[in-house]
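Please look over the structure below, then read my notes beside it.

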Amino acid sequence: GAGAGGDAGAAPRRPVDCVLLAHDRAGMHSGRHRQLADAFATQGWLAVVPDFSTTAADRDVWFDSIRMYCVDYFFPWLEEQGVEAIQCVGLADGAIPCAYVAAGVEAHLQGGSRVPRVVGTALAHPAFRKPYVLNEGELQKMVAMMAAPVLVVPAGDDAKEVRPGGVLELQGKLNGQPLEFLEFAQASHGFVVHGDVESDEVRNAVVWAVDATCEFLHRNFISELAASWRVKEEPGAGDAADSEPPSP
């Protein structure tokens, strides 16, 4: 399994951390989704890319299916693996599942579990399009559901609401959510997953965006290590991060 650091010495084993990658509308097998998951796994995290495209034709059915997948399968499975903290990385339209994954945690915890918790959200060139987000009010509600802190990595041609000074930033401030922006003004929407890395400019932007996202995720996982909801280490607990996640 993916270990969580080589500098632990005699300290107790750190719990496994999970990064959930929410794919864009082109689907989990398109572009660099797999390479991005591998990049997160090399950081010592359990990287999971669920297929969230299956019921995307009807938005309310889609929203419910994401929440139910998390509550019925994904969160209980993570709990069995010893995962206590998750962060969501949403790519373009994958920003929307990030909100519903975070919302699903509450239902999971109501069943008596203490973990896992969602401790941060990173959004690369997020898209909040119709029919999934019909107006500014719906966007505001969606932002409020996301687990803070939030990193937003918009491209220069993204909608103004997801760029610095837009609705996303204003709503985050109203909610008291810590938000960080790293804008790639010269890059195009979708560049992290689909940009042509034969171009030096695009490749450099992708590397920078992924590095900044990893740094953000590391910071959040570390800051939550002493949280009161943490499960105390059981003697002899092994690292069980090698098995496959359940399919939705």
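1. Is Arg219 buried, partly exposed or exposed? Arg219 counts as partly exposed, at 35% relative accessibility. Here buried means under 20% relative accessible area, exposed over 50%, and partly exposed in between (1.4 Å probe, protein chains only).

2. The model is predicted: local features need pLDDT of at least 70, side-chain atom pairs count only at pLDDT 80 or more, and totals for chains, interfaces and linings use all residues. Residues are numbered from 1 along each chain as its sequence is written, and side-chain values use heavy atoms, without hydrogens and water.

3. Arg219 has a partner. Its side chain meets that of Glu215 in a salt bridge (3.0 Å, N to O). A salt bridge is a side-chain nitrogen of Lys or Arg within 4 Å of a carboxyl oxygen of Asp or Glu. Both residues sit in helix H7 (residues 200–223), four residues apart, so about one helical turn separates them. Helices are DSSP runs (H or I, at least four residues), numbered from the N terminus. Glu215 is partly exposed too, at 43%.

4. Now turn to helix H4 (residues 136–145). Glu138, Leu139, Met142 and Val143 are buried there. They lie on the same side of H4, because they cover an arc of only 140 degrees around the axis. The arc is taken from the directions from the helix axis to the C-beta atoms.

5. What do the buried residues of H4 pack against? They pack against helices H2 (59–80), H3 (95–110) and H5 (167–175). Contact means heavy atoms within 4.5 Å.

6. Glu138 also forms a salt bridge with Arg59, with the closest N and O atoms 2.8 Å apart. This pair links distant parts of the chain: Arg59 is in H2, Glu138 in H4, 79 residues apart.

Conventions
Helices (H or I, at least four residues) and strands (E, at least two) are DSSP runs, numbered from the N terminus.
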